[in-house]
Protein chains: 2
Amino acid sequence: MRAILKDSELLYPQDALAKFLNEFGVKQLEVERINLEDSLNRIVAEDIISDIPLPPFSRSTVDGFAIKHDLCPGEFTVIDKIRIGEFKEIRIGNGEAVEVDTGSPIPEGATAVVKVENTVIEGNKVKVSKKLSFGENIGWIGTDIPKGTLVVRRGERLNPYKIALLASIGIRQVLVYKRPRIYIIITGDELVEPGKDLDPGKIYESNSYYLQAYYLSKGYDVIKRTHVNDDKELIRREILEGIEKADIVIVTGGSSAGEKDYVHQVIKEEGKIIVHGLKIKPGKPAILAEIKGKPVFGLPGNITSTMVINEEVVDKYIDIMYNISSYRYTIKATITNEVKADYNRTTYIPVYLIKKDGKYYAIGMPFDSYMIGVFSTADGYIIINPGENIEEGSEVSVYLRSLDERPVYIGEEEPTLYPRGFRVLPFGSYIGLKAIKYGIGDVIVISNLYDSNFKGDLSKERNVIETGEGSEYVGYLEWVGLSKLVKDPVVKLRYPSVALQLMDKAKIIIPDTFHKDGKVIGKEKLEIIVRNPDIKKYFRG
Amino acid sequence: MRAILKDSELLYPQDALAKFLNEFGVKQLEVERINLEDSLNRIVAEDIISDIPLPPFSRSTVDGFAIKHDLCPGEFTVIDKIRIGEFKEIRIGNGEAVEVDTGSPIPEGATAVVKVENTVIEGNKVKVSKKLSFGENIGWIGTDIPKGTLVVRRGERLNPYKIALLASIGIRQVLVYKRPRIYIIITGDELVEPGKDLDPGKIYESNSYYLQAYYLSKGYDVIKRTHVNDDKELIRREILEGIEKADIVIVTGGSSAGEKDYVHQVIKEEGKIIVHGLKIKPGKPAILAEIKGKPVFGLPGNITSTMVINEEVVDKYIDIMYNISSYRYTIKATITNEVKADYNRTTYIPVYLIKKDGKYYAIGMPFDSYMIGVFSTADGYIIINPGENIEEGSEVSVYLRSLDERPVYIGEEEPTLYPRGFRVLPFGSYIGLKAIKYGIGDVIVISNLYDSNFKGDLSKERNVIETGEGSEYVGYLEWVGLSKLVKDPVVKLRYPSVALQLMDKAKIIIPDTFHKDGKVIGKEKLEIIVRNPDIKKYFRG
């Protein structure tokens, strides 16, 4: 039995990070000068000021003739031609024109360029029949970027646009922070490497895959990724090796305070724990520590806890090492169903987003720390204060991870109905009814077992069948919900695969689209709403 | 003089791409099976279905005791303990309990787990004083991901979350599309490599830096990046080498139809031009072509045109090679100033975004294709139909590139006032007044030369000085604006660097914060609005 991290003694992540910075401090990353072509995703370590104006000379923005604008309409004599990349010391007088291409320097004295399609050319004469305004079709020197402009600031991450900008002002090399070296140690006897057989009671190791991919996607240097069993001396050896070779050591698992929590014990013996336990769900038993002057982060073993603590604490600490400020995208959305926080901890709720008329609606998912499926496929999450309820219909700020704007199938799961190319959100009839209420989704499917009064545009019958035997007490949350709505509660399962797992433990009733054997005990009617007439054709076919 | 691509014969990018797909088709990328840890950013080439349920067994979500819930409140005898990673064939009876940790499998017959902090333990007895509900603190088998669930679809890009999900269901290797091999050829005698001296009339080469970084950021394989001069045979040699070695050849420059447009000529001689000229600004003279069964894209030489055509056409074509659908983020914003499209072409307008009360406001920037500075520092862009005007105050859809939520200084440029850590948007008094109208920005600075009636919270005087000599006809757009508002128009410059460039070509008047020499000819008062009281202190100091 683990010792308990008391909720009242926990810190919010931002307070934990502040305490850590206060007591341990931060070691700025070293800098290096690298070639611009190697600088993607790197963080700039200096303010970069343009030594030249852009454009570097006043240039034509069209193919045509450089002239004095106040003599138009009029006729001009073409005295020369300036090609792109050429520079000629020409000064035009009244009545003179110089032929230019898009991007050619304009000659001195010119105040406009007339487009070739607005002229009549006869020999070396050009006739212009329209008026021109001062500066028309000229990009004046320095109008894009004046010389001396601060174009990239220290702490900015270089994306393809900024790299192009730096190339445009002639920058060949940039001073950047060295990439942080990260050492990832995964602990836990219960973890099995993906690809191997999964013995009962074991789960696959996924923390190291996430952490490595997360930091590689930021362009950081993951110098080792290793999985060790719950052996105190092996864990100690890895942590000490990490301290020696890396800038940051991340250890997952064993971060609580119990007898078998060796990570916690080793960190305590080798260094100093500055924060233990965070007021956040998922992610409570996290450790922020120091060993021999290096930061060590102990993350809870549950994959979603690892994700949250990594992004709320570790990555933010790395940003501070870089001297940059963290930023995450949020968008506003209307939540379609009530969601609740843990009583004592700030709570993350994953959400799926559906767009309608330019506004976003968020479907909040009930969620526990082990639910990597929900957490990794959601479009983002909302953060709720301890004890808070967010009522249906409220506006929420969604921390965005991705967006998927394919048309949406939502509601009762029924593989025979899934339209090709749709995003399928098979979250059941309750969520389907919310979709109808808020007018979201393209195909919505409700079971009449759930709402007998509801009528869709189309419908489909499916058999409800009985298979297996055993205790009715084995089931899962959805069943508990359904049992309140039908007179004679039975264990109705959402997915056939779950039925197979429970085969001799429960009385199982599943739709026959999932399973061909078993006794038919009733009919379930699915009501189908199809918003888009084009798709309706598909369903009739 | 170049030949003209007639506006009436141009195609919109989506129509051009459709025509290209129709006439040339698309060659799907080959596939390969790789290790999961190497799969970041790769596109999955198969539907991946989970062979196991997640969690793989019903498990405890807390540290505590597994019991039968309907016997609570009550006393239980602890008969065994199941640790994380262990599996024991235990079936509990009435009045029995099994000690479990967070993540331990629950024994058969258990219907809930009571948290250790809600029990009193005496020897091998556990007292529970509260009621428990069915399933409390149990994560039932398969409730996150039922066995047989389609977890990742063909065409999805693997991010750290999806990689973790695949690891969680035991996937060790994934079938992915091979990375497209891209060959980048830059043409143009006017282009100078960054880091070298810039002769008059020349500009720095930035296209290849952008294109390489863009495709590296997507994880693609840039096999060559080269700059060749305007030499038809050299260009031919590079294009043919690209055709041989790569999946896609991108050539920038020389894509119009004039005598020196060798790229156009070589493509015509070696293969087939399917589309020439797009109804888009920037980006008109683009080429979609085929040589020996491979796609070749000719992009205009202006860096912003290259960016737009690359993202609107080339990258979308690559997405089709991958069999994935393109998607770009948009957010809604209110535009603070009128913007106009080109009469004949779909027009991109870069915008800067400012957030207020959860809503976004977009400052639209007048823009020409050569303006890499504006284009690369903007937060995104809006797309306007040919001939369309977007009125001030309208709601627009912004294609998002990045967001910067630092506090904002906006309006008249005045380096002595820039607060540390602010985002500085020195777009002048006109935009500053719009910021006041829409209530956006944190520090807003307006010149009284622009609006003499306006009064800020604070003010600052600066000298207007006269330096240099020459024609008043050299200036730039902002001057034209200002001349309408003051009685005696003078060439007032925004940046000192521009002044230096124009030093003996114009009569220059600049604020003395930029320049210490010259004759003082007047005072300009800056009116400063400071919305945040904390910042106000800073300005008084």
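**Sheet in chain A**

I began with strand S4 (residues 64–67) of chain A, which is joined to S7(A) by four bridges, the two strands running antiparallel. This is a predicted model, so I read every entry below as a description of a prediction.

I looked up a facing pair in these strands: Ile67(A) stands opposite Ala112(A) in S7(A).

Next I traced the whole sheet. It is an open sheet of six strands in chain A, with the order S7-S4-S6-S5-S9-S8 and mixed pairing. Which strands stand at the edges? They are S7 (112–115) and S8 (119–122) of chain A; each has a single partner strand, so one side of each is left without a neighbour in the sheet. I also noted the twist, which averages 35 degrees from one strand to the next.

**Interface of chains A and B**

I then turned to the two chains together. On chain A, 117 residues are in contact with chain B, and 117 residues of chain B take part in return. Between them the chains bury about 10000 Å², and 65% of that lies on carbon and sulfur atoms.

How many salt bridges does the rule find across the interface? It finds two. I looked at one of them, where Glu37(A) pairs with Arg225(B) and the closest N and O atoms are 3.7 Å apart.

My last entry is the make-up of the side of chain A that touches chain B: 61 nonpolar, 26 polar and 30 charged residues.

Definitions and conventions:
Residues numbered from 1 in each chain as written. Chains lettered and ligands numbered in written order. Predicted model: local features only at pLDDT ≥ 70, side-chain atom pairs only at ≥ 80, totals over all residues. Heavy atoms only, no water. Contact = heavy atoms within 4.5 Å. Buried area = accessible area lost by both parts, 1.4 Å probe. Salt bridge = Lys/Arg side-chain N within 4 Å of Asp/Glu carboxyl O. Nonpolar A, V, L, I, M, F, W, Y, C, P; charged D, E, K, R; others polar. Pairing = 2+ DSSP bridges. Axes fitted to C-alpha atoms, helices over the stretch in contact; angles between N-to-C directions.
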